[in-house]
Amino acid sequence: MILPGSIRGNLTLKKKLNQLSEAKLKGYNKERLKHSKVLYEASDKILLLGEGNFSFSSALCKMFGNGSNVWATSYDSEDVLKQKYSDDCANHIEFVKGCGGKVFYGIDGTKLEKHRKTFLLAHNNEAKEQEGFVQNSFGSNFRNTNEIFFDKIVINFPHCGLGIKDQRKNILANQKLLSGILKSARSLAHPKTGQLHITIKSGLPYELWRVAALAKEEGHWHQTSCIPFNPNLYPGYEHRRTLGFEAGISSSQNVEIKEKYPKTYVFSLSSNVTSKNTEAAKNNKE
Ligand SMILES: C[S@@+](CC[C@H](N)C(=O)[O-])C[C@H]1O[C@@H](n2cnc3c(N)ncnc32)[C@H](O)[C@@H]1O
C-alpha cells in the first residue's frame, strides 16, 4: 500500500488554485476542458463498475443508440440502490435494459474474479438467444465461451463512502478500494485491448489517494493518459454520492464534480503498451 507521503505536488496545485481569481479559474477550467474527449465507442465492450443512479450507463446507451456492449453494475444490492437513488435510478436502468444493455447488482469491483461466472452466464445466455452463435472477442464464432473480456473497465468517482472522519484512515480505505479494483480488473480486461479507466476529483484529499502510484505498485497496468473528465460530454449523466441522493440537500447537475476538476486515469495492460502510447502518456501525464 502506498501511504499518503509527500503532499508537495498537491499543495502546489492548491496554492495555484487559491491564487486564481474566480474569473481566471473559469478560464483555466475552460482551457483544461478543451483536452477532454469521449473515451468510448459503441464497438467497445464496456464494463461499468460502481454505478450510482446508472445515469452514466444510460448516457452511453443514448450516445451509441444501442446498449448491446454496455454492462452496467452497482456495488449495492437492487433494494439498497433503489432506496438510495429513488429519484431516478429506475428510469435509467429501464433505459439501459431497453437498449439491450445488461444490468447487475451487488458487484464488488475488488472481487471481479468471483463475479466472472455471473458475467459468463449472461454472455452465453445472450449467445443462445441470438440463434446460438456469438462472435467472441477474438473474432471467431463459438456457441459458448469459457472466457469473457472487456475492452474498457470503467469506474467513475470510486469511493468507499464509509464516512471515516480520520483523514488518514479515510485515504487508506479508498486506496484499498482502488488497489482492489486495479488488481481484480486485470482478470476481465481483454488481453489485447483491455483498459481500465478511473475517474476521480482533483485536489485534496483525492491527490493523496495516489492512483498512478497504486497502479505502478500493482504492476500490470501502465498509465497511458490522464485527461480532464467533462460530464457535459455525457448528456444525462448526473453524478451521485455513495450515500445516496436527497432532493434539496444533495447537489445535482454535477455541480459538485465540476468544482473539483475531475480527471480520468487511463491504464492499459503493460504487456500491450507500445512505444507510441508511452510517448502519448508522457504528454498527458499528471
Ligand atoms: C461517489 S459514488 C459514484 C457513483 C457513480 N459512479 C457516479 O459517478 O455517479 C461512489 C461509488 O463507488 C461504489 N463502490 C464502493 N465500493 C465499491 C466496490 N468495492 N466495488 C464497486 N463499487 C464500489 C459505491 O457503491 C458508489 O456507487
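Let's start with helix H5, residues 89–98. Its buried residues are Cys89, His92, Ile93 and Val96. Look down the axis of H5: these buried residues fall within an arc of 100°, so they line one face of the helix. Keep in mind that this is a predicted model.

Now zoom out. The protein chain has 10 helices and 9 strands. Of its 286 residues, 35% are buried.

On to the sheet. Strands in a sheet pair through backbone hydrogen bonds, parallel or antiparallel. Here, 7 strands form an open sheet, and the pairing is mixed. Read the order with me: S3-S2-S1-S6-S7-S9-S8. At the edges sit S3 and strand S8 (221–228), each pairing on one side only. On average, neighbouring strands are turned by 20° against each other, direction ignored.

Take S8 and strand S9, residues 263–269. They run antiparallel, joined by 7 bridges. Trp221 stands opposite Leu269 in S9. Helix H7, residues 167–185, packs on the sheet. H7 touches S1, S6, S7 and S8, and its direction makes about 165° with that of S7.

Last stop, the ligand. How many residues surround the ligand? The count is 21, and the closest are Gly50, Gly52, Tyr75, Gly109 and Asn156. This shell divides into 7 nonpolar, 9 polar and 5 charged residues.

Key. Residues are numbered from 1 along each chain as its sequence is written. This is a predicted model: local features need pLDDT of at least 70, side-chain atom pairs count only at pLDDT 80 or more; totals for chains, interfaces and linings use all residues. A residue is near a molecule or strand if its C-beta atom, placed from the backbone, lies within 6 Å of it. Ala, Val, Leu, Ile, Met, Phe, Trp, Tyr, Cys and Pro count as nonpolar, Asp, Glu, Lys and Arg as charged, and the others, Gly among them, as polar. A residue is buried if 20 or more other C-beta atoms lie within 10 Å of its own, exposed if 12 or fewer, and partly exposed in between; C-beta atoms are placed from the backbone. Helices (H or I, at least four residues) and strands (E, at least two) are DSSP runs, numbered from the N terminus. The arc is that of the directions from the helix axis to the C-beta atoms. Two strands pair if DSSP finds at least two bridges between them. Axes are lines fitted to C-alpha atoms, for helices over the stretch in contact, and angles run from 0 to 180 degrees between N-to-C directions. Two residues are in contact if their C-beta atoms, placed from the backbone, lie within 7 Å.
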